[in-house]
Amino acid sequence: MSFTALCGYGGWIPKHPDVHKNFIRRLIKRAVQRSQDSAIHEPAVAAFGEAIQGHPVMKSLFDQILRQVHERNEVTSFEHLLSLLDCIIVTAPKYELATDPEGNVIGEPVGVPIYLLFDLLSNTSAAYDLFRMDEFNRALKALLENWGKFLMQPGSNLTLNETDEGWFGTAGITSLEQHLGKYSFEQTFKCPDPAADNRGFATWDAFFTRPLQDNVRPIETELIILPPGVPRTTAAEQGTLIYSACESTVLHIARDVKKDDQFWLKGQPYSLYDMFNRSDEYARLFEGGTVYQAFLSPLDYHRWHSPIKGAIKDIVTVDGTYYAVLPDAGAEKGDPDLPEGDPHGALIRSQPFLTISAARVLIYIESEDTNIGTVCFIGVGMAEVSTCQVTVRKGQAVEPGTELGMFHFGGSSHVVVFQKGTEFHEREHIKSGEHVWVNSIIGVATRKGE
């Protein structure tokens with residue numbers, strides 16, 4: 001049993017088509033200018049290009065991608081893609097401005113620029129084959145890590161300013177504060193120098209991984225009211241509160257999840273065996289359980305917190321894909337952001353599939369609470385997010401709200417998996433498309449009746 005619904009693209013794709021088009025066209029113009037000044041690629045881009053072009057299968061598959069891709073694609077060749085990547089990996093993401101057909105200036109942040117290049121390319125059958133190849137992902141990982149190193153260096157903070165195209169300009173700060181409630185950005189996050197144009201962030205990565213101010217996301221406590229029909233056994237008289245592990249938008253809740261399953265173009269059931277990196281032991285432990293999945297916008301807070309009280313039982317880091325998706329026919333009827341058939345956004349529509357394919361980290365938390373047992377938190381790196389940093393250690397005791405780790409560079413998704421013996425009762429407002437704060441209550445866990 002499961003529920004899902006259409007939800008927005010959470011900042012991954014600009015809502016205004018004119019902003020999207022303007023970003024691509026300005027990037028193409030920059031690439032043309034750069035190629036006129038120098039025919040030499042950035043070293044990391046050159047290495048990526050040599051890896052793909054020097055491998056007959058990968059070269060052939062990329063050629064097939066260009067034949068299969070939707071006509072709205074503006075990447076005309078592999079060499080063209082390299083020239084666009086040259087421009088991206090030496091700059092930090094910025095706020096993009098454009099003019100709509102009525103002449104109004106509009107803007108949105110472009111937090112995952114490389115994803116926008118790969119978006120349409122990935123939605124092809126040839127890309128499904130190429131983007132899952134180990135050789136391709138090793139080459140891409142090296143490229144992304146090189147960009148990540150740049151984003152950790154002084155000078156990567158140049159887009160953190162109060163100009164119209166800066167993250168702290170009038171439009172930029174409005175976007176950053178969209179889900180902060182009554183708090184301002186400076187009240188919500190620890191800024192090294194709140195009065196400075198760049199708020200004191202020395203690098204882009206420091207801005208992206210910014211910590212919260214004390215007490216702005218307190219652990220909620222409230223009287224637990226179990227849903228009608230839930231047995232009040234001694235073990236589950238009151239139930240146990242479950243907290244949001246990330247600042248995120250709810251995607252999906254699935255129950256009675258299978259140990260092994262197939263991922264087809266529709267439905268996307270979860271396969272525990274693959275999610276847990278082909279661990280038969282953990283797949284059996286969680287077989288028949290519940291999966292809660294939510295995704296993070298590039299604008300969100302990117303640190304993970306423990307959803308329960310317990311101890312870290314195990315930590316597993318899994319290398320995976322970055323842009324592999326389940327190709328589809330485009331946005332479905334009723335999509336909140338895109339018109340029916342729009343080919344953009346297949347990565348966002350493929351998030352359950354990403355739990356078995358993308359780079360990710362698995363953190364198993366064991367609780368003495370009989371309502372919970374063992375819970376698995378999965379941080380799923382999507383697109384540019386090539387680093388999942390864990391900040392806890394095996395055997396460490398954690399409380400609800402204890403920091404577990406963080407994502408770097410881009411956007412991401414996360415999953416919380418409950419065992420078969422645990423009944424997860426989500427709160428009424430926890431529905432697909434709902435944005436929830438970290439440390440807020442997402443539901444109650446009780447022990448299933450025997």
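Biologist: Which residues of α4 are buried?

Modeller: This is a predicted model. In it, the buried residues of α4 are F78, H80, L81, L82, S83, L84, L85, D86, C87 and I88. That is 10 of the 11 residues of the helix, which spans residues 78-88, so α4 is largely enclosed by the rest of the structure.

Biologist: What covers the buried residues of α4?

Modeller: The cover includes α1 (17-37), α2, α3 (56-68), α5 (113-122) and α7.

Biologist: Take α2 and α7. How do I describe two packed helices?

Modeller: Two packed helices are described by the angle between their axes and the distance between the axes. Here, the axes of α2 (residues 43-53) and α7 (residues 134-151) come within 9 Å. They cross at roughly 175°. Angles over 145 degrees count as roughly antiparallel, and that makes α2 roughly antiparallel to α7.

Biologist: Which residues make the contact between α2 and α7?

Modeller: From α2, the contact uses A44, V45, F48, A51 and I52. From α7, it uses F136, A139, L140, L143 and N146.

Biologist: Now strands. What do the side chains do in a regular strand?

Modeller: In a regular strand the side chains alternate between the two faces of the sheet. Look at β10. T374, C376, I378, V380 and M382 point one way, while V375, F377, G379 and G381 point the other way. All of these residues are buried.

Biologist: Why is β10 described as largely enclosed?

Modeller: Because 9 of the 9 residues of this strand, residues 374-382, are buried.

Biologist: How does β9 pair with β10?

Modeller: In the antiparallel sense, over 7 bridges. Strand β9 covers residues 360-366. Within the pair, I365 stands opposite V375 of β10.

Biologist: What is the strand order in the open sheet that holds β7?

Modeller: The order is β7-β13-β11, with 3 strands and antiparallel pairing. Read the edges next. β7 (303-305) and β11 (387-390) each have a single partner strand, so one side of each is left without a neighbour in the sheet. Neighbouring strands here are turned by 20° against each other on average, direction ignored.

Biologist: How many bridges pair β7 with β13?

Modeller: The two strands pair over 3 bridges, in the antiparallel sense. β13 covers residues 403-408. R303 stands opposite M406 in β13.

Biologist: And which strands stand at the edges of the sheet with β4?

Modeller: That open sheet has 3 strands in the order β4-β17-β15, paired antiparallel. β4 (240-243) and β15 (422-426) stand at the edges. Each has a single partner strand, so one side of each lacks a neighbour in the sheet. On average, neighbouring strands of this sheet are turned by 35° against each other, direction ignored.

Biologist: What joins β15 to β17?

Modeller: 5 bridges, with the strands running antiparallel. Strand β17 spans residues 441-447. F424 has A445 in β17 as its bridge partner.

Biologist: What should I know when reading phi?

Modeller: Most residues other than glycine have a negative phi. Now the cases with a positive value. N215 has a phi near 75°. N439 has a positive phi of about 75°.

Biologist: Where is N215, and where is N439?

Modeller: N215 lies in the loop between α10 (204-208) and β4. N439 lies in the loop between β16 (435-436) and β17.

Biologist: Is N215 buried or exposed? And N439, buried or exposed?

Modeller: N215 is exposed, with a relative accessible area of 67%. N439 counts as buried, at 5% relative accessibility.

Biologist: Turn to rings. How many aromatic pairs are there?

Modeller: The count comes to 24 aromatic pairs. One of them joins F185 and F189, 5.0 Å centre to centre. The planes are 50° apart, and this pair is tilted. F185 is buried, at a relative accessible area of 0%. F189 is buried too, at 2%.

Biologist: Which residues do ring pairs link into a cluster with F185?

Modeller: The cluster contains W167, F168, F185, F189, F201, W204, F207 and Y301.

Biologist: Where does the charged end of R199 sit?

Modeller: Over the ring of F168, 4.5 Å from its centre. Another case is R132, which lies over the face of Y128 at 3.9 Å from the ring centre.

Note on methods: Residues numbered from 1 in each chain as written. Predicted model: local features only at pLDDT ≥ 70, side-chain atom pairs only at ≥ 80, totals over all residues. Heavy atoms only, no water. Phe/Tyr/Trp six-rings, centres within 6.5 Å; stacked < 30°, edge-to-face > 60°. Buried < 20%, exposed > 50% of the residue type's maximum accessible area, 1.4 Å probe, protein only. Lys NZ or Arg CZ within 6 Å of the ring centre and 35° of its normal. Pairing = 2+ DSSP bridges. Helix = DSSP H or I, 4+ residues; strand = E, 2+ residues; numbered from the N terminus. Axes fitted to C-alpha atoms, helices over the stretch in contact; angles between N-to-C directions. Parallel < 35°, antiparallel > 145°, perpendicular 65-115°, else oblique. Contact = heavy atoms within 4.5 Å.
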